[in-house]
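Work through the following exercises with the sequence and the model open. Each task is followed by its solution in steps.

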Amino acid sequence: MALDRRFRGGDDGNGGTLTRMSTGPAAYTASELLAVMSARLLRDGQVVFAGVGIPLLAATLAQRLHAPGLTILFEGGVIGAFIEPGQLPPSTNEQRCTRRANMVLSSTDVLLLLQRGYVDIGFMGGAQIDLYGNLNSSFIGDPERPTTRLPGTGGGNDIASLTQMIVAMKHEKRRFINRVDFVTSPGFLSGGESRREAGLTTGGMYRVVTDLGIFGFEEHSKRMQLLSLHPGATADQVQANTGFELLVAADLEVTDPPTERELAELRHLDPDRLYTV
Amino acid sequence: MTLDYAELRRRTTERDRSLREKVVSLAEAAALVPDGTSVGIGGSTLSRTPMAMIWALIRAGRRDLFCTRSITSNEGELLFASETSRHILTSWFSQGIVWGVSRIMRSYTESGRARFEEWSHMAVGLRLRAGAMGVPFLPMRSMMGSDVLGHLPDTRLIDCPFTGEKLVLVPALNPDVALIHVQRCDAFGNAQIDGLPFMDIDLAMAANRVILTTERIVSNDQIRRAPDQTKIPFMAVDAVVEAPFGSAPHECYGLYEPLFGHLDAYAAQLRRDSEQGIRAYLDRYFYGTKSWSEYLDLLGLEELLDARRRGTGIHDD
C-alpha cells in the first residue's frame with residue numbers, strides 16, 4: 001500500500017488483516033476494541049480534550065453514535081471540531097482538526113481552558129502506566145542514560161494535571177508496570193492524598209481502557225482496580241498481563257461486545273487504518 | 001535564563017521600529033541569525049513551519065542554535081542532523097505518531113550528542129507569554145508532582161501569597177530571534193495569519209527580533225482594509241521574506257496540506273538507516289538546491305498541486 005494514500009481517504013483500500021478477537025459475528029482488532037469501548041465512556045454535552053490517535057478517533061466515534069453534542073478540544077487550538085471520515089490528521093495541529101469547529105485559538109489559550117476548568121474529560125493514549133495511573137511518555141530506563149528517549153509530554157502533563165482523565169492503551173505487561181521510570185503525566189502519584197499534596201487539587205485518573213477491560217482507581221488507596229472485562233477476557237488473564245497486583249471490583253462486570261454499527265462507523269472514519277492497525 | 005528587564009527594554013529600544021520596508025532574501029535573513037542564537041520557531045508539528053528559513057540556516061552552516069518550538073516534527077531532526085542545533089526546547093519531538101518514534105531524536109539524545117529539553121506544552125506557551133508580557137515569570141497549575149518538573153531546575157514551586165495554594169512559576173522566554181511563517185504580510189511586516197495561530201503571536205512579541213517568511217507580500221493598503229486580521233504588528237518585525245510554499249513539505253492553513261507522499265518517503269528512507277538516510281536527504285534537498293524554487297522543484301509539481309488541492313478544499317462541503 002502506498003503510504004501516502006493513508007491520508008487521502010475515499011478510495012477503496014487494502015485495510016490490513018483483521019485479528020479475530022471473537023468468534024461471534026463481529027471480528028475486530030485490539031485497537032478497534034479500544035476505540036469502541038472508550039467512545040462509550042463519553043457522554044453527550046461533555047467537553048473532552050483529546051489527543052491524537054485512538055482518543056481523537058473514539059471521541060469522533062462518540063459524536064457520530066450517541067453524543068452529537070460532544071465538544072472536542074485539540075491542543076493545536078481548536079474548540080468543537082468534527083473530524084471528517086477518511087481525513088484523519090497526522091497530529092492535532094493540522095487544519096484537518098478544524099473542520100466545522102466553533103473556534104480556533106492559540107495553543108496556549110486552549111490549554112488554559114483546562115486550568116480555568118472548562119474541560120470535563122481529558123483523553124489520551126499512553127506508553128507506560130503504573131498502579132497509581134501515572135503515565136510515562138518520556139524515558140524508558142534511567143532518564144539520565146535512557147534506553148529509549150520517547151517523544152515526551154506534549155500537552156499530556158497539562159491535561160492529566162488539570163482534569164479527569166481517560167487513558168486508552170494496549171494491555172501488555174511491559175506497559176502496565178509497578179512504577180513508571182518517569183512520571184510524565186501525573187496520575188495519583190504515590191497514591192492516597194499524594195496528588196493533592198503535590199498541589200494538584202483537581203482532576204485525576206478516571207478510567208483506563210485496554211483491550212482486556214476497563215479500570216478505575218480505588219477511592220482511598222488510589223490503586224488501579226479492574227471494573228469490567230471485555231468479552232472473552234478473564235480476571236486471571238488481565239492479572240497475568242499486568243506488572244502489579246490489581247484490585248478487582250466486587251461487582252465485576254462484563255462489557256457488551258462492539259456492535260456491527262459501532263465497527264462500521266469506526267471503519268468509515270478510519271478506512272485506511274491509520275490509527276486502528 | 002530570564003533576561004534582565006532593563007536589558008530586554010534596551011534591546012527593543014535599539015531596534016529600528018519605524019514603518020519601513022524590510023523585504024530581504026532568504027540568505028540575507030539567515031545572515032541576521034549568527035551562530036549560538038536563541039531561536040524561537042513558529043507553527044507547530046506539521047503546521048506553518050518556517051521551513052524556508054530553516055532551509056536557509058542549514059545551508060548557511062549555522063551552528064549551536066538554541067531552538068524553541070511548541071511541538072517539534074522532522075524539522076528538529078534536520079536541525080540535529082545538520083548540526084545546526086544541539087539543543088531543542090519543546091514539549092514533544094518526533095516526526096508524528098503515524099511515523100513512530102523519531103530515530104534521529106533518539107540517537108542524538110541517547111548518545112548525548114544533542115539535548116531535547118522537555119517542558120509541558122502549556123509551560124512552553126506561558127514562558128513565551130511571560131516573555132511577550134514583559135514580566136519575568138508566570139504561575140501555572142500543571143507539572144506539579146511530575147518528573148517533568150523535577151528535571152527542570154529553572155522553575156520554582158511557591159505557596160501563593162494570596163491563597164496559600166501551591167503553584168509553579170515558569171520563567172519568561174525571550175528568544176533572540178523568532179522565525180514565523182504567515183499567509184500574508186506587507187513589506188513593513190504587518191502579518192495576517194489564517195487558521196491556527198499556535199503560539200506565534202506571543203513568540204513574536206517575546207522575541208528580540210522577528211523574521212517573517214510569507215506566502216505572499218501584499219500592499220499596506222490591503223492590510224489597512226482589514227486591520228482586525230493583522231496578528232503581528234510591523235514594529236515587532238525586522239525582516240520579511242516572500243517564500244511561496246514556505247512551509248513545504250509541511251502545511252500552511254487554507255493554502256496547502258502536508259506533502260504526505262514526501263513525508264512518508266522521508267520516513268521510509270530514515271527507517272532503513274536513520275543517520276545515512278537523513279544525510280542523503282539533507283544533501284539532496286538542502287545542500288543540493290541553490291534556491292527555494294529549486295527545492296520546490298525537487299519536491300515536485302504533482303505533490304505540490306495535490307497538497308494545494310487538499311489544502312484549499314478544507315472547508316468545502
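**Exercise 1. A helix pair in chain B**

Task: Identify which residues of H4(B) and H11(B) meet, then describe the geometry of the pair.

Solution: The model is a predicted one. Start with the residues: Glu77(B), Leu78(B) and Ala81(B) of H4(B) meet Ile278(B), Arg279(B) and Leu282(B) of H11(B). Sorted by class, this contact holds 4 nonpolar, no polar and 2 charged residues. Next take the axes. H4 spans residues 74-81 of chain B and H11 spans residues 274-287 of chain B; they pack at an angle of about 90 degrees, with their axes 10 Å apart. Angles of 65 to 115 degrees count as roughly perpendicular, so H4(B) is roughly perpendicular to H11(B).

**Exercise 2. A helix pair in chain A**

Task: Classify the packing of H2(A) against H7(A) and list the residues in the contact.

Solution: Helix H2 (residues 54-65) and helix H7 (residues 260-269) of chain A pack at an angle of about 125 degrees, and their axes are 10 Å apart. This angle makes H2(A) oblique to H7(A). The crossing of H2(A) past H7(A) is right-handed. On the H2(A) side, the contact is made by Leu57(A), Thr60(A), Leu61(A), Arg64(A) and Leu65(A); on the H7(A) side, by Glu262(A), Glu265(A), Leu266(A) and Leu269(A). The class count for this contact is 5 nonpolar, 1 polar and 3 charged residues.

**Exercise 3. A covered helix**

Task: Determine how many residues of H1(A) are buried and what they pack against.

Solution: The buried residues are Ser31(A), Glu32(A), Leu33(A), Leu34(A), Ala35(A), Val36(A), Met37(A), Ser38(A) and Ala39(A). Their packing partners in chain A are H2, strand E10 (164-168), strand E11 (204-209), E12 and H7.

**Exercise 4. The nonpolar core**

Task: Find the residues with the most contacts inside the largest nonpolar core, and trace the neighbours of Leu212(B).

Solution: The largest nonpolar core has 166 residues, and Val48(A), Ala59(A) and Leu212(B) have the most contacts inside it. Helix H3 (residues 51-59) of chain B gives the most to this core, with 8 residues. Leaving out residues up to four places away in sequence, Leu212(B) touches Ile180(B), Val182(B), Cys185(B), Gly189(B), Ala191(B), Val237(B), Ala239(B) and Val240(B).

**Exercise 5. The side of chain B that touches chain A**

Task: Describe the contact between the chains from the side of chain B.

Solution: In the contact, 54 residues of chain B face 46 residues of chain A. Elements of chain B that each supply at least two residues include helix H5 (103-110), strand E4 (115-118) and helix H10 (260-272). H6(B) gives the most, with 5 residues. The chain B side divides into 25 nonpolar, 18 polar and 11 charged residues.

**Exercise 6. Backbone exceptions**

Task: Locate the cis peptide bond and two non-glycine residues with positive phi.

Solution: The cis peptide bond joins Ala248(B) and Pro249(B), with omega about 10 degrees. Pro249(B) is in the loop between strand E12 (239-242) and H10 of chain B. Lys222(A) has a positive phi of about 65 degrees and lies in the loop between strand E12 (213-217) and strand E13 (224-229) of chain A. Met143(B) has a positive phi of about 70 degrees and belongs to the loop between strand E5 (137-140) and H7 of chain B. For burial, the cut-off is 20 or more other C-beta atoms within 10 Å. Lys222(A) has 22 such neighbours, so it counts as buried; Met143(B), with 28, is buried too.

Definitions and conventions. Residues are numbered from 1 along each chain as its sequence is written. Chains are lettered from A and ligands numbered from 1 in the order in which they are written. This is a predicted model: local features need pLDDT of at least 70, side-chain atom pairs count only at pLDDT 80 or more; totals for chains, interfaces and linings use all residues. A nonpolar core is a set of buried Ala, Val, Leu, Ile, Met, Phe, Trp, Tyr and Cys residues joined through C-beta atoms within 7 Å. A residue is buried if 20 or more other C-beta atoms lie within 10 Å of its own, exposed if 12 or fewer, and partly exposed in between; C-beta atoms are placed from the backbone. Helices (H or I, at least four residues) and strands (E, at least two) are DSSP runs, numbered from the N terminus. Two residues are in contact if their C-beta atoms, placed from the backbone, lie within 7 Å. Axes are lines fitted to C-alpha atoms, for helices over the stretch in contact, and angles run from 0 to 180 degrees between N-to-C directions. Angles under 35 degrees count as roughly parallel, over 145 as roughly antiparallel, 65 to 115 as roughly perpendicular and the rest as oblique. A crossing is left-handed if the near helix is turned anticlockwise from the far one by less than a right angle, and right-handed if clockwise. Ala, Val, Leu, Ile, Met, Phe, Trp, Tyr, Cys and Pro count as nonpolar, Asp, Glu, Lys and Arg as charged, and the others, Gly among them, as polar.
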